[in-house]
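Subject: Structure handover

Hello,

Here is the structure you asked about, with its sequence. My notes follow below it.

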Amino acid sequence: MSKEGNYIFQQGHAAQERLDLMQAIYGPYSLHYLKQQNLQGANVLELGCGTGNMTKILLEKVGTKGSVTAMDIASSQIEITKQITGNPPNLHIIVGSVENTLQSLQQQFDLIYIRFLLIHLQNPQDIIMALKPLLKANGRIIIDELILSTMQCEPANVWFDRHLALYLDLYRNQNVDPDFGLKLYSSLHQAGFNVEKIEHIQPCLYTPLHKNLVLLRIRECGLGDAKMYASLEQICQDELTVMTGGIFCHAEAKLP
Ligand SMILES: C[S@@+](CC[C@H](N)C(=O)[O-])C[C@H]1O[C@@H](n2cnc3c(N)ncnc32)[C@H](O)[C@@H]1O
């Protein structure tokens, strides 16, 4: 078990199943926008690359004449990124937190790509402000971010609601904002960026495979572990067991 930074999830192999499922759910939306960019030969910086699901795609897009510099706080994530991309010579790796490593970058980039990182940072606005000097004159930023409190369940499920309240508390306990995605436009605007496009996408998880994301999340961030909540005194082991059981039944249930 390893966790670095204010990050609430596991990192490395323990994270791979959840991040691969996130890629299956959100990947098509991320790709849709990336496909419209001509990135052949571009130099890309990816922050919080995780286990490399988007790094791999970015490498394909830039081709051998371009490069991807991928940064993550966890060396265990980076190891998987190297494996799944084949660690080509035009992949440059930085292990470190964005807070501590951004200012050491000497290069400017055509594209900065960030997915699902900002909700894990205590000062995401500072990071957005720090991106400007790293962009070339016509450079772009693409950010995909979540608004976690907008998750809903239909038909209503009491255990889903309970898990969501606890899950949001986990973030807030780390002084990070699980709804930072909602603030992206104003945040970029405040940092002086010209915002070309903003979209709000809400995938629907209706298959048992996709609904399993909720259980993977619970397992990985420690919601299945009563110790995680001991300090919050909000849930006891018995209720946790019932909650995960209730969500499991819900995830397995198919629509009529
Ligand atoms: C939810 S994952 C997203 C991974 C990847 N961007 C994707 O979309 O598949 C968030 C990643 O951010 C990394 N991370 C968390 N806090 C960080 C920080 N302060 N600096 C750099 N990386 C960080 C985590 O290790 C994790 O790999």
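The notes cover the sheet, the helix packing and the ligand shell, in that order.

Please keep in mind that this is a predicted model.

The sheet

Five strands make up an open sheet, with parallel pairing and the order E3-E2-E1-E4-E5. Strand E3 (91–95) and strand E5 (135–144) are the edge strands; each has a single partner strand, so one side of each has no neighbour in the sheet. On average, neighbouring strands are turned by 15° against each other, direction ignored. Within the sheet, strand E1 (residues 43–47) and strand E2 (residues 67–72) run parallel and are joined by five bridges. Asn 43 is placed opposite Ser 67 in E2. Strands of a sheet pair through backbone hydrogen bonds.

Helix H2 lies across E1, E2, E3 and strand E4 (109–115), and runs at about 165° to E2.

Helix H1 and its two contacts

Helix H1 (residues 13–35) packs with H2 at an angle of about 30°, and their axes are 10 Å apart. Because of that angle, H1 counts as roughly parallel to H2. Their crossing is right-handed. H1 contributes Leu 19, Asp 20, Gln 23, Gly 27, Ser 30, Leu 31 and Leu 34 to the contact, while H2 contributes Asn 53, Met 54, Ile 57 and Lys 61. Sorted by class, this contact of H1 with H2 holds five nonpolar, four polar and two charged residues.

H1 also packs with helix H8 (residues 208–221), here at an angle of about 150° and again with the axes 10 Å apart. H1 is therefore roughly antiparallel to H8. The crossing of H1 and H8 is left-handed. From H1, the residues in contact are Ala 14, Ala 15, Glu 17, Arg 18, Leu 21 and Ile 25; they meet His 210, Asn 212, Leu 213, Leu 216, Arg 217 and Glu 220 of H8. The classes in the contact of H1 with H8 are six nonpolar, two polar and four charged residues.

The ligand shell

Which residues come nearest to the ligand? There are 21 residues around the ligand, and Gly 48, Gly 50, Ile 73, Ser 97 and Arg 115 come nearest. Helix H2 (53–62) and helix H4 (98–101) are the elements that give two or more residues to this shell. By class, the shell around the ligand has ten nonpolar, eight polar and three charged residues.

Regards

Methods
Residues numbered from 1 in each chain as written. Predicted model: local features only at pLDDT ≥ 70, side-chain atom pairs only at ≥ 80, totals over all residues. Near = placed C-beta within 6 Å. Helix = DSSP H or I, 4+ residues; strand = E, 2+ residues; numbered from the N terminus. Nonpolar A, V, L, I, M, F, W, Y, C, P; charged D, E, K, R; others polar. Axes fitted to C-alpha atoms, helices over the stretch in contact; angles between N-to-C directions. Parallel < 35°, antiparallel > 145°, perpendicular 65-115°, else oblique. Left-handed = near helix turned anticlockwise from the far one by under 90°. Contact = placed C-beta atoms within 7 Å. Pairing = 2+ DSSP bridges.
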